Amino acid sequence: MTATPQDGMRIGEHIVGISRRSGTATAGAVILLLFVIAALAAPLLAPYPPVAIHDGAILARPSARFWLGTDSNGMDVLSRVIYGARYALAVALSSVSVAVVLGVPLGLYAGFTGGMIDEVLIRLVDAMRVFPSIILALAVVAVLGPSVVNIIIVIGFLDAAVFARIVRSEVLALGTGTFVEAAVAAGNPVARTLFVHLLPNAIQGATALVAIRAAWAVRVSATLAFLGVGIQAPAPEWGVMIQQGAEFMITGQWWVGLFPGLALITLVLGFNLLGDGLQDLLDPRR
């Protein structure tokens with residue numbers, strides 16, 4: 001079937017309705033859309049390649065040639081900030097995907113089966129949450145190596161516990177529902193009961209949490225890079241840029257670390273605004 005003008009009008013009306021119901025979600029979505037555009041169109045938007053060294057322009061102040069100045073290597077800060085959106089979004093979206101794929105089925109199964117399986121699984125989840133996440137991520141990445149893939153896997157694995165717990169709590173609340181009893185009585189296998197009958201009713205809390213955990217993933221990735229165990233220079237990653245610019249703050253070259261820091265704060269703000277808005281939209285009590 002092909003899309004019709006009426007379909008487009010209905011989609012537009014739906015988007016307008018959501019924006020009116022939650023200005024917070026709309027503001028967050030707009031911020032994230034701008035970063036997505038910057039990441040996708042980085043070769044068109046960035047005035048220079050992100051690792052191009054400009055001789056004679058070491059720590060150059062913001063000017064008509066270098067709008068946000070250059071760093072200690074003579075690289076254009078604006079170009080590196082734009083390309084840095086690719087690393088931030090890649091880590092955020094990929095790690096959250098890993099967390100959802102691991103945590104949601106675990107929470108579904110633990111909450112549905114109950115008994116000893118539920119106790120063992122939830123105690124494992126609690127044990128993971130006892131330790132500070134950033135310390136665990138720091139230790140594991142230091143052992144595995146500072147690659148983007150390792151960072152995504154570590155953050156996703158640690159965050160899976162959050163999704164497992166929230167889905168489990170939803171399943172426990174729904175477990176005595178008549179639709180679950182009817183699905184079991186009809187002879188549905190466990191997998192079908194979990195993913196066809198329970199999941200659509202237990203996923204709202206996890207859906208609203210996705211944007212919030214994506215913001216957390218961005219912060220953790222930047223923190224690891226700042227501490228020297230995350231993504232390494234000369235990659236245009238915001239945490240690396242902040243770390244490189246920190247030493248120049250006291251000598252007056254504030255632009256090296258300021259602008260990637262502002263980009264990081266703005267992206268995290270966008271994710272948090274979207275997450276808060278989704279919670280308002282999906283939670284009938286709010």
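Biologist: At what angle do the axes of α4 and α11 cross?

Modeller: Roughly 140°. This is a predicted model, by the way. The α4 axis and that of α11, residues 238–246, come within 8 Å.

Biologist: Which residues make the contact?

Modeller: On α4, they are V77, R80, V81, G84, A85 and A88. On α11, they are W238, M241 and Q244. By class, that contact has six nonpolar, two polar and one charged residues.

Biologist: What does D71 touch?

Modeller: Leaving out residues up to four places away in sequence, D71 touches I58, L59, V77, R80, Q244 and V256.

Biologist: Where is D71 placed?

Modeller: In the loop between α3, residues 42–45, and α4, residues 77–113.

Biologist: Is D71 buried or exposed?

Modeller: Buried. Its relative accessibility is 4%, and the cut-off for buried is under 20%.

Biologist: Back to L59. What is its phi?

Modeller: Near 55°. That is a positive value in a residue other than glycine. L59 also sits in the loop between α3 and α4.

Biologist: Now α4 itself. What about S79, buried or exposed?

Modeller: S79 is in helix α4. It is buried, with a relative accessible area of 0%.

Biologist: What does S79 touch?

Modeller: A46, P47, Y48, P49 and P50, with residues up to four places away in sequence not counted. S79 and L68 are 11 residues apart in sequence, and their C-alpha atoms are 8.9 Å apart.

Biologist: And L108, which residues is it in contact with?

Modeller: V167, V171, L194, F195, L198 and L199, leaving aside neighbours within four places in sequence.

Biologist: How many residues separate L108 and I166 in sequence?

Modeller: 58. In space, their C-alpha atoms are 9.6 Å apart. I166 is in α7, and it is among the residues there that meet α10.

Biologist: Good, let's move to that pair. At what angle do the axes of α7 and α10 cross?

Modeller: Roughly 155°. α7 spans residues 148–174 and α10 spans 204–227. Their axes come within 10 Å.

Biologist: How are α7 and α10 oriented, roughly parallel or roughly antiparallel?

Modeller: Roughly antiparallel. Their angle of roughly 155° is over the 145 degree cut-off. The crossing is right-handed.

Biologist: Which residues meet there?

Modeller: From α7, I151, I155, D159, V162, F163, I166, V167 and E170. From α10, G205, A206, L209, V210, R213, W216, A217, V220, S221 and L224. The contact divides into 13 nonpolar, two polar and three charged residues.

Biologist: What else is S221 in contact with?

Modeller: Its contacts are V91, I151, I155, I231 and E237, leaving aside neighbours within four places in sequence. I151 and I155 are on the α7 side of the helix contact. S221 is buried, at a relative accessible area of 3%. S221 and V148 are 73 residues apart in sequence and 9.2 Å apart, C-alpha to C-alpha.

Biologist: How do α6 and α10 cross, left-handed or right-handed?

Modeller: Right-handed. The axes of α6, residues 133–144, and α10 come within 11 Å and cross at roughly 50°. That makes the two helices oblique to each other.

Biologist: Which residues make that contact?

Modeller: S133, I134, A137, L138 and V141 of α6, with W216, V220, T223, L224 and L227 of α10. It has eight nonpolar, two polar and no charged residues. W216, V220 and L224 are also among the α10 residues that meet α7.

Biologist: Zooming out, how many helices and strands are there?

Modeller: 12 helices and zero strands.

Biologist: What share of the residues is buried?

Modeller: 44% of the 286 residues. The protein exposes about 14500 Å², with 68% of it supplied by carbon and sulfur atoms.

Biologist: And what share of the contacts joins residues at least 24 apart?

Modeller: 71%, among contacts between residues at least 6 apart in sequence.

Conventions: Residues numbered from 1 in each chain as written. Predicted model: local features only at pLDDT ≥ 70, side-chain atom pairs only at ≥ 80, totals over all residues. Heavy atoms only, no water. Axes fitted to C-alpha atoms, helices over the stretch in contact; angles between N-to-C directions. Helix = DSSP H or I, 4+ residues; strand = E, 2+ residues; numbered from the N terminus. Parallel < 35°, antiparallel > 145°, perpendicular 65-115°, else oblique. Left-handed = near helix turned anticlockwise from the far one by under 90°. Contact = heavy atoms within 4.5 Å. Nonpolar A, V, L, I, M, F, W, Y, C, P; charged D, E, K, R; others polar. Buried < 20%, exposed > 50% of the residue type's maximum accessible area, 1.4 Å probe, protein only. Areas by Shrake-Rupley, 256 points an atom, 1.4 Å probe, with all protein chains shown as cover.
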